[in-house]
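Here are my notes on the model, as numbered points. They cover the metal site and then the charged pairs.

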Amino acid sequence: MITMKDIVREGHDVLRQKAEEVSLPPTSEEKEMLNDMLQFIKISQDDELAEKYDLRPGVGLAAPQIGVSKRMMAVHFVDFHGKEYSYGLFNPKIVSHSVEQSYLPGGEGCLSVDRDVPGIVPRHARVTVKATTLEGEEIKVRLKGYAAIVFQHEIDHLNGVMFYDHINQDDPLTPPEGAISAEEI
Ligand code: UDB
Ligand code: ZN
């Protein structure tokens with residue numbers, strides 16, 4: 001079982017590397033690891049288990065965050081419209097995105113970052129992501145609002161990018177012109 005001691009924190013090189021593509025079909029070790037990542041996220045959202053194992057309630061996790069430089073990510077969350085997203089994904093790729101930008105009004109955090117970094121993180125308002133699921137299915141999902149932000153945050157980890165790289169240093173709290181709050185879509 002993955003716990004917080006397995007989570008790599010900022011400063012570690014693996015978080016700045018571009019992760020390797022997983023050659024398909026994945027090995028049973030790769031599938032097991034991705035399944036463990038998804039379980040970690042689910043367990044972290046269970047109040048009793050999160051307290052028992054001292055976990056931060058997470059919505060997503062990318063393999064570099066457990067020290068593995070491979071293109072794998074897990075997400076498990078319900079968006080503001082009550083729609084559930086629960087996936088373990090190999091080789092996720094943004095195949096198209098909107099020009100319009102969006103952001104979470106409260107900014108972002110990260111399981112690999114043990115400090116508060118205030119600031120607006122501009123993201124694409126809509127993205128289409130292609131990936132292969134844990135079950136071996138090739139999928140193409142269209143995402144907007146909160147879901148689009150979670151996926152972009154995790155895919156960034158596969159490219160060595162941290163959320164605060166996107167914050168405008170000169171004016172951290174002002175959203176870019178034309179950007180919409182992720183809570184509105
Ligand atoms: C998170 N959790 O998991 F609205 F049940 C964040 C942390 C960094 C605060 C743990 C989170 O947003 N939890 C949450 C929010 C809700 C309801 C709920 C739980 N991540 C994932 C991460 O670090 N992945 O690498 C950070 C998010 C910031 C924006 C998208 C991902
Ligand atoms: Zn993160």
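1. In this predicted model, the zinc ion (ligand 2) is coordinated by C110 through SG, and by H153 and H157 through NE2. The distances run from 2.1 to 2.3 Å. Along the sequence, the donor residues follow the spacing C-x42-H-x3-H.

2. What does the zinc site connect? C110 sits in the loop between β4 (101-103) and β5 (123-124), while H157 belongs to helix α3 (residues 145-158). The two are 47 residues apart in sequence, so the pair ties together separate parts of the chain. C110 and H157 are both buried.

3. How many salt bridges does the structure hold? The count is 7. Side chains of opposite charge can pair when their charged atoms come close.

4. R16 pairs with D165 in a salt bridge, with 2.7 Å between the closest N and O atoms. This pair links distant parts of the chain. R16 is in the segment before α1 (28-44), and D165 is in the loop between α3 and β8 (180-181). They stand 149 residues apart. R16 is partly exposed, at 42% relative accessible area. D165 is partly exposed too, at 37%.

5. K70 and E30 form a salt bridge through their side chains, at 2.8 Å from N to O. K70 lies in the loop between β1 (60-62) and β2 (72-78), whereas E30 lies in helix α1. Their positions are 40 residues apart in sequence, so this pair also ties parts of the chain together. The cut-off for buried is under 20%.

6. E108 and R123 meet in a salt bridge of 2.9 Å, N to O. E108 is in the loop between β4 and β5, and R123 is in strand β5. The pair ties together parts that are 15 residues apart in sequence. Both partners, E108 and R123, are buried. Which residues join them in a network? D156 does: salt bridges with shared partners connect E108, R123 and D156 into one network.

7. C110 is buried, and so is E108.

Conventions: Residues numbered from 1 in each chain as written. Chains lettered and ligands numbered in written order. Predicted model: local features only at pLDDT ≥ 70, side-chain atom pairs only at ≥ 80, totals over all residues. Heavy atoms only, no water. Donors = N, O, S within 2.8 Å, 3.2 Å for Na, K, Ca; no water. Helix = DSSP H or I, 4+ residues; strand = E, 2+ residues; numbered from the N terminus. Buried < 20%, exposed > 50% of the residue type's maximum accessible area, 1.4 Å probe, protein only. Salt bridge = Lys/Arg side-chain N within 4 Å of Asp/Glu carboxyl O.
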